[in-house]
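Please find below a short note on the model under review. The points should be read alongside the sequence and coordinates.

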Amino acid sequence: MSNEKVTEATKVSEEKPMLAFALALAGFVVQALIFAFRVFMIPLFITIHGRVGSLIGLPMHSLVWMFVSIVLLGLELIGTILIYSSDVSKVRMGSTIVLVTSLLAYPTLWGFFIGSILSLIGSILGLIWKS
């Protein structure tokens, strides 16, 4: 009985790109945490130092920056969820979404580059994954 359960669990994990999903999810979590930290800490920085800018030239407290960040994080979450599939086309589509969002998020210092790099590696592993 226990051998059958182990075999079934191994079979399920082999049918999904678990490493790609884990790296993409870790990258998303790091980026989301840094985004949340920035959102809550910006008012403090503004009161102490005045205007705070990001690397792409937009003020970090700008509504445009907030909207773009939320959209990109949402797209990355959708792509990460799609990677956790046994369907190759869904994995490829999710990996492509995560690849694009991680490249777009890279210059904005989301996750201090670590989140973007984790997502980038996870998306590449998802793109080369074969069932």
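This is a predicted model: local features need pLDDT of at least 70, side-chain atom pairs count only at pLDDT 80 or more; totals for chains, interfaces and linings use all residues.

Which pattern does the protein chain follow when read along the sequence?

1. The pattern is α-α-α-α-α. The protein chain holds 5 helices and 0 strands.

2. On confidence, the average pLDDT of the protein chain is 81, and 69% of the residues score at least 70. Within residues 54-58 the pLDDT is below 50, and in the model this stretch has 7 contacts beyond near neighbours in sequence.

3. Of the 131 residues in the protein chain, 34% are buried. Among contacts with a separation of 6 or more, 69% are between residues 24 or more positions apart.

4. Helix α5 covers residues 114-128, and its 15 residues should span 21 Å at 1.5 Å a residue. The end C-alpha atoms of α5 are 21 Å apart, which agrees with that expectation.

5. The buried residues of α5 include Gly-115, Ser-116, Ser-119, Gly-122, Ser-123 and Gly-126. Viewed down the axis of α5, its buried residues fall within an arc of 130°, and therefore line one face of the helix. An α-helix has 3.6 residues a turn, so residues three or four places apart point the same way. Ile-114 and Ile-128 are exposed, and they lie on the face of α5 turned away from its buried side.

Key. Residues are numbered from 1 along each chain as its sequence is written. Side-chain values use heavy atoms; hydrogens and water are left out. Helices (H or I, at least four residues) and strands (E, at least two) are DSSP runs, numbered from the N terminus. The expected span of a helix is 1.5 Å times one less than its number of residues. Buried means under 20% relative accessible area, exposed over 50%, partly exposed in between (1.4 Å probe, protein chains only). The arc is that of the directions from the helix axis to the C-beta atoms. Contact means heavy atoms within 4.5 Å. pLDDT is the predictor's confidence in each residue, from 0 to 100.
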